[in-house]
Amino acid sequence: MTQRKSESSRLILHLNHAKAPALAASLTTEASFSLVDDATLSVEESADSLVDLRARWNTLMRGLIASEHVLELGDDAYE
């Protein structure tokens, strides 16, 4: 079955990262999330349409990428 763009959609993303709590903090205003453990972050998004979900996905990914870059800069400062 092919999903239509106008159908509601949901995604669940599980991320493994050494600094999962820091990434979770960066999502406070962006998405519904939970820390599975110290290294695993679960993010859930839903939208009324596939187009809206795609937009939320893009925003979520941009935020996570920016947060990871900041974390890397912090690590470099301590080396």
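**Core contacts and salt bridges**

Leaving aside neighbours within four places in sequence, Leu60 is in contact with Leu13, Leu27, Ala31 and Val43, where contact means heavy atoms within 4.5 Å. The model is predicted, so local features need pLDDT of at least 70 and side-chain atom pairs count only at pLDDT 80 or more, while totals for chains, interfaces and linings use all residues. Residues are numbered from 1 along each chain as its sequence is written, and side-chain values use heavy atoms, with hydrogens and water left out.

**Nonpolar core**

- The largest nonpolar core has 14 residues, and among those touching the most other members are Leu13, Leu60 and Leu64.
- Such a core is a set of buried Ala, Val, Leu, Ile, Met, Phe, Trp, Tyr and Cys residues joined through side-chain atoms within 4.5 Å.
- Two or more residues each come from β1 (9–16), α1 (20–26), β3 (40–47) and α2; helices (H or I, at least four residues) and strands (E, at least two) are DSSP runs, numbered from the N terminus.
- Helix α2 gives the largest share of this core, four residues.

**Salt bridges**

- There are two salt bridges, each a side-chain nitrogen of Lys or Arg within 4 Å of a carboxyl oxygen of Asp or Glu.
- Arg10 and Glu44 form one of them (3.1 Å, N to O), linking strands β1 and β3 across 34 residues.
- Arg56 and Glu45 also meet in a salt bridge (3.6 Å, N to O).
- Arg56 is partly exposed at 41% relative accessible area, whereas Glu45 is buried at 6%; buried means under 20%, exposed over 50%, and partly exposed in between (1.4 Å probe, protein chains only).
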